[in-house]
Amino acid sequence: MSPSVAIIGAGFGGLCMAIQLERAGIRSYTVFEKADGLGGTWRDNSYPGAGCDIPSHLYSYSFEKYASWTRRYPEQPEILEYLEHCADKYDVRRKIRFGAEVERAAFDGTTWQVTSGGRTEAFDVVVMSVGQLNRPRLPDIPGMSDFEGTSFHSARWNHDHDLTGRRVAVIGNGSSAAQFIPRVAEQAGHLHVFQRTPNWVIPKPDTAFGPLARLAFRFVPGLQRVYREWIYRYAEATLYPALAQGWSAELLKKRALRHLHDQVPDPALRAKLTPDYPPGCKRVVIDSTFYPALTRADVDVVTDGIVRITPKGIETTEGRYEADTIVYATGFRSTEFLAPMEVVGRDERTLEEQWKGGAAAYLGISMPNFPNLFLLYGPNTNLGHNSIVFMIECQVRHVMSCLPHLSATGPMEVRPEVMAAWRRQLDAAMTRMVWGGGCQSWYKTPEGRVTNNWPGTTTLYRKLTSRPPAPAYRPVQPGGIGAVRPAR
Ligand code: NAP
């Protein structure tokens, strides 16, 4: 008999899980989605210019090649369209329960009791796929509620608010801000960009696919596969070593500095935009239109510290800036992972308690004390150099390979000694990565532990997640842990 599976979230991860269950003939699953549409981050982030800086031929499922991409780096509406297409093609939409936020998931010794909208249902398996960047982080600046104009977060863009001719203030200058600032600058009367820390920026070699290229992608056998493989290998071979402070680190820095010099002629502005930490420590911004927007006469970059928000605008240590609109491009609550969901494992252990020192999971997927609970895009599986969709597919493959075992032996959890070894390996690998020191980023907890990023190549991750899972897990029997050892 197939296990019943609750999938939480209908973004890239949740849909991938649902599709693979369908393909395996397992229909006993339900996808809980808190919003009224699918797509996750690609539904939420609809700000002007939103798109992915990984080419879509790679930032898409390997099993669902798509010949309709109109450009190398398509914008958000096209990516969302792709996900809608996948949901329909693989017929998983009927299984998604929209407007169904899961408040609680608790293991009762045999099954998971999943509560949504006050109703509790039992499932054998829970797959959490809520993303790392799904909860916007509003800053804690005094006076925010006193502002008399319109304000919103970049991930909750107010499309009813016309920016034409307005004085707009943007707080933050990460990847999201870099994408919408050029668009907003074209509309606004004046734009103040409040930058706390500059980011490294490299060009985005975007190009539209003309009719011939699109025909070729549609009809030339193997072309999409070869193109995808080329992008993948290039990222692995050149970008990963830069993050691991290897041979390409200096090249990446030189490329970013040349981009800055090419696009920003004013030395004073260039100085403001030059970071003092190594590239990759924070997510490198990949964009060719951001710097030119900052050089416009009607745009200025403010680097004074923000003191408070006033009814009329923003007060800094050096002066006051009036604004009609404030856009908070201040990122996400990235290290809190499954919050605010309450997750209770074996023996009433809460996930909050288990993750007190920072979120951690074996392969980023499973944890002791939480049998039959799997995470997609969990702790230490984010990348700064390649496609998250690749990682998600590895994770889904791992979960699929666990299902026959737990059907045979009952609930399974990862062995504590396997988890401990995993943490040691992760810590050792992390020491060579550029994220460790020198900057603050959404990759790490306030205490400095990198909980979000994967420190290896994605090729290594695929290898690790492809190993037969049984030796790493132990069954949880009613009679006690490990009463039955898994088949080897
Ligand atoms: P982010 O990278 O976390 O950037 C947040 C920005 O807000 C930073 O510039 C930060 O400054 C600033 N900030 C936060 N609190 C502040 C405060 N109290 N006062 C002043 N400034 C403050 O967020 P994001 O731009 O939304 O991007 C998040 C991630 O989403 C990216 O790194 C990327 O992985 C992903 N993303 C990807 C794409 C893509 O094309 N693939 C596009 C958009 C987003 P500090 O740097 O000083 O902290």
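Colleague: Which helix gives the most to the shell around the ligand?

Modeller: Helix H4 (residues 175–187) gives the most, with 3 residues, where a helix is a DSSP run of H or I with at least four residues, a strand is a run of E with at least two, and both are numbered from the N terminus. Please keep in mind that this is a predicted model, in which local features need pLDDT of at least 70 and side-chain atom pairs count only at pLDDT 80 or more, while totals for chains, interfaces and linings use all residues. Residues are numbered from 1 along each chain as its sequence is written, and side-chain values use heavy atoms, with hydrogens and water left out.

Colleague: What makes a residue part of the surroundings of the ligand, and how many residues surround the ligand?

Modeller: A residue is near a molecule if one of its heavy atoms lies within 4 Å of it, and 22 residues surround the ligand, with Asp53, Asn173, Ser176, Thr197 and Trp442 the closest. By class, the shell has 8 nonpolar, 10 polar and 4 charged residues, where Ala, Val, Leu, Ile, Met, Phe, Trp, Tyr, Cys and Pro count as nonpolar, Asp, Glu, Lys and Arg as charged, and the others, Gly among them, as polar.

Colleague: Which side-chain atom lies 2.9 Å from an oxygen atom of the ligand, and what makes this a polar contact?

Modeller: It is an N or O atom in the side chain of Arg196, 2.9 Å from an oxygen atom of the ligand, and a polar contact is a pair of N or O atoms within 3.5 Å (within protein, one must be able to donate a hydrogen and the other to accept it, and residues adjacent in sequence count only if both atoms are side-chain atoms). Taken alone, the ligand exposes 910 Å², of which the protein buries 84%, with areas from the Shrake-Rupley method and a 1.4 Å probe. A backbone N or O atom of Gly51 also lies 3.1 Å from an oxygen atom of the ligand.

Colleague: Why is Gln395 called buried?

Modeller: Buried means under 20% relative accessible area, exposed means over 50%, and partly exposed lies in between (1.4 Å probe, protein chains only); Gln395 has 0% relative accessibility, and therefore counts as buried. Gln395 is found in helix H11 (residues 388–409), and a polar atom of its side chain lies 2.8 Å from the backbone nitrogen of Tyr377.

Colleague: Why is Gly149 described with another term?

Modeller: Gly149 has a relative accessible area of 32%, and is therefore partly exposed. Gly149 lies in the loop between strand S7 (125–128) and strand S8 (150–153).

Colleague: How do you know that strand S1 and S2 pair?

Modeller: Two strands pair if DSSP finds at least two bridges between them, and S1 (residues 5–8) and S2 are joined in the parallel sense over 4 bridges. Within this pairing, Ile8 stands opposite Phe32 in S2.

Colleague: Why are S3 and strand S19 said to stand at the edges?

Modeller: The open sheet of 5 strands has the order S3-S2-S1-S7-S19, with parallel pairing. S3 and strand S19 (373–375) each have a single partner strand, so one side of each is left without a neighbour in the sheet.
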